[in-house]
Amino acid sequence: MNFDRLKEKLEILADAAKYDVSCSSSGGTRKNKKGALGDSSPSGICHTYTEDGRCVSLLKILLTNHCIYDCAYCVSRSSNDIKRAAFTVEEVVDLTINFYRRNYIEGLFLSSGIFKNADTTMERLVRVAKKLRLEENFNGYIHLKSIPGASDDLMQEAALYADRLSVNIEIPTESGLKLLAPEKNRQDMISPMRYIQKGIIQYKDEKKILKKVPKFAPAGQSTQMIVGATNENDLQIIKVADHFYKNFNLKRVYYSGYVPVLEDQRLPSLTTEVPMLRENRLYQSDWLMRFYGFKAEEILDPNMPFLDLEVDPKLSWALRNLDQFPINLQTAEYQLILRIPGIGVKTAQKIVSARRFQILTIDHLKKLGAAVNRAKYFIDFNAGNAYLRYLTDKNFRRLLIGGSSSKFHNQFSQQLTLF
Amino acid sequence: MTTLLYDGSFDGLLTAVFEVFEYRYKDVEIASKERFHQENIFAEIHEVITQTDKSERVLNKLEQNIGKPGIYKLLKVFLSEDPDLENLTLSAVRQSVKHPEDNILENFADSDVLKISKICKSVDRERHRMTAFVRFEKMKDDVFFAKIDPDFNVLPLIRKHFKDRYQDQKWMIYDLRRNYGLFYDLDDCEFFYPDEKIDLHHYQQKFHDEEKNYQVLWQRYFTKTNIVERKNIKLHIQHVPKRYWKYLTEKW
């Protein structure tokens, strides 16, 4: 193997793949077979973090950055004058195995520019996964990017060897997609997703009757959309995510704040800052839907279709629904305790557990890990709570914001000066 | 005040706990021989001789009351090497004996239980980081070798993880601080305790011929997968604390 050439390819094809934000290696249930390589733990492992703070758990590369499409937001688009490269199947397999053996990674995330057509590209991706599983006895994690427009047969094969499949829907609205990627259409993205979804349901049904059914995309599907490249609002984005969670049983929806890398009159200018805080708020909203039992409609008010940049979405909901508070810590249901600003999933569980032993006070709450500076205004203790008098204060919002500082405050200050 | 001195092993600690009940000591502390410096000149010393039948009786009782997960938590407290570990363990056992119906480790409003829970969280975090940050280097004899230096003694907690994961390669993980390691030879996976510290001089000369190449590939990958426009060093250091950097191939 020519090391210098391999290094050059890796540099080009890692660089081109880095904008895909999915990094999860979780949900895998692949156990090692006797004497083979690799074992996926359900929680996944981040093996390192880039200097931008993102997790590295998979070798995330493109098979090739040659692409027949010319999507405005993509660095690999055909009209962009950049160095092109393509890995061979053997090279990807060799890198994956050798990185895995050294405990650098949990597995492979393989995506690709579209060379020739969808099926040729998809077929090559599948071949990598197949070789890893069948020839190398590899039980690590494999995430394959489904190529829009790929045929059902190839999707079927992909799901047999990969743990997770994903199709990026790229732009949250169809009109935005038309503008920036006129050659692509939403339907081509959705149909492989629909095929896999049906397959997963069928797998679960068969599993109930038969003992041995080959695994079918055991870690499910995910997707991502770029935020801030077109002028969609947050309500639209949350609705799209909700639609995919509900109708496609997606495991994750990722949000990728648009990084301006290309000059194009249809796109925000190159000097536009990456909308990090907005992206963060979207992830917080996503968490509320997946772990806190919030409905999409509760997160944003249709009259105010953008997420509040000053306060997190849970606090924002609380401020719009003050009549739901105070919540009694000693007696309220777990689901309600989860709705108290400043109390996360783990703290809520600890509260429900500890209150069986004794009456809780604000001191306990602090020790259990709640953000008491926020939580204290929304809680009723059995012994009463002096902070509750602020709940009806007309300057309550200001008081709350004064008592906390955002971690984004200095770093991404530009967005905050909008207020 | 009575001080029970034990040999520093988990079984020894549980034997000591057993004897606290056996001899009905009230005002008592347990200390490891190695770390014990007598401060209280009025304390009476009671030497504990490790007896597995006694430690097992404690374990059985605990298993009934707080279950295997509870015992696992106490093991983590032991591996934390926290200066207060003996007395926290004793406190947990005492409470558990007093309230056999409850899982007292869930009473987070109790200060000892909360401390146990915090120690477990720290140890778990370190354990998880060791599954993430161990970097194997392939040596001339085809053994994949890794050096670690964790704040807590987590090697026993990661044995199964690596054993399950790497079944077709020989590997070794060596704790530089505590001077012992774990070796898998394609059949067995056992701890080893060298008499002298392993000599790491000219260590890189013992690398397999291909090792340096894969290290360079990984370093280039690490650099290229970063998005410069989103640089956030504070977050980076929060995730990858500097104390681990010296063992991370990508932080050369």
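Me: A salt bridge is a side-chain nitrogen of Lys or Arg within 4 Å of a carboxyl oxygen of Asp or Glu. Which side chain meets B:Glu106 in one?

Reply: That of A:Arg356, at 2.7 Å, N to O. This is a predicted model, where local features need pLDDT of at least 70, side-chain atom pairs count only at pLDDT 80 or more, and totals for chains, interfaces and linings use all residues, while side-chain values use heavy atoms, without hydrogens and water. Residues are numbered from 1 along each chain as its sequence is written, with chains lettered from A and ligands numbered from 1 in the order written.

Me: How many salt bridges between chain B and chain A?

Reply: Seven. Over all chains, the structure holds 50.

Me: And how many residue pairs in polar contact between chain B and chain A?

Reply: 34, with both residues at pLDDT 80 or more. A polar contact is a pair of N or O atoms within 3.5 Å; within protein, one must be able to donate a hydrogen and the other to accept it, and residues adjacent in sequence count only if both atoms are side-chain atoms.

Me: Which element of chain B gives the largest share of the side that touches chain A?

Reply: Helix 6 of chain B, with 11 residues. Helices (H or I, at least four residues) are DSSP runs, numbered from the N terminus.

Me: How much area is buried between chain B and chain A?

Reply: About 5,300 Å², with carbon and sulfur atoms giving 56%. In chain B, B:Arg165, B:Tyr221 and B:Arg230 lose the most area to chain A, together 16% of what that side buries. Buried area is the accessible area (1.4 Å probe) that two parts lose on being put together, summed over both.

Me: How many residues are in contact?

Reply: 54 of chain B with 61 of chain A. Contact means heavy atoms within 4.5 Å.

Me: New topic. How far does helix 4 of chain B reach?

Reply: From first C-alpha to last, 32 Å over 23 residues. That is close to the expected 33 Å, taken as 1.5 Å times one less than the number of residues. At its start, a side-chain oxygen of B:Asp110 reaches to within 3.1 Å of the backbone nitrogen of B:Asp112.

Me: Over to chain A. Where does pLDDT stay under 50?

Reply: Over residues 410-419. The model has 14 contacts for them beyond four places in sequence. Chain A averages a pLDDT of 91, and 96% of its residues score at least 70. pLDDT is the predictor's confidence in each residue, from 0 to 100.

Me: What about A:Arg5 and A:Glu8?

Reply: Their side chains meet in a salt bridge (3.2 Å, N to O). They sit three residues apart in helix 1 (residues 3-15) of chain A, which means about one helical turn separates them.

How values were computed:
Helices (H or I, at least four residues) and strands (E, at least two) are DSSP runs, numbered from the N terminus.
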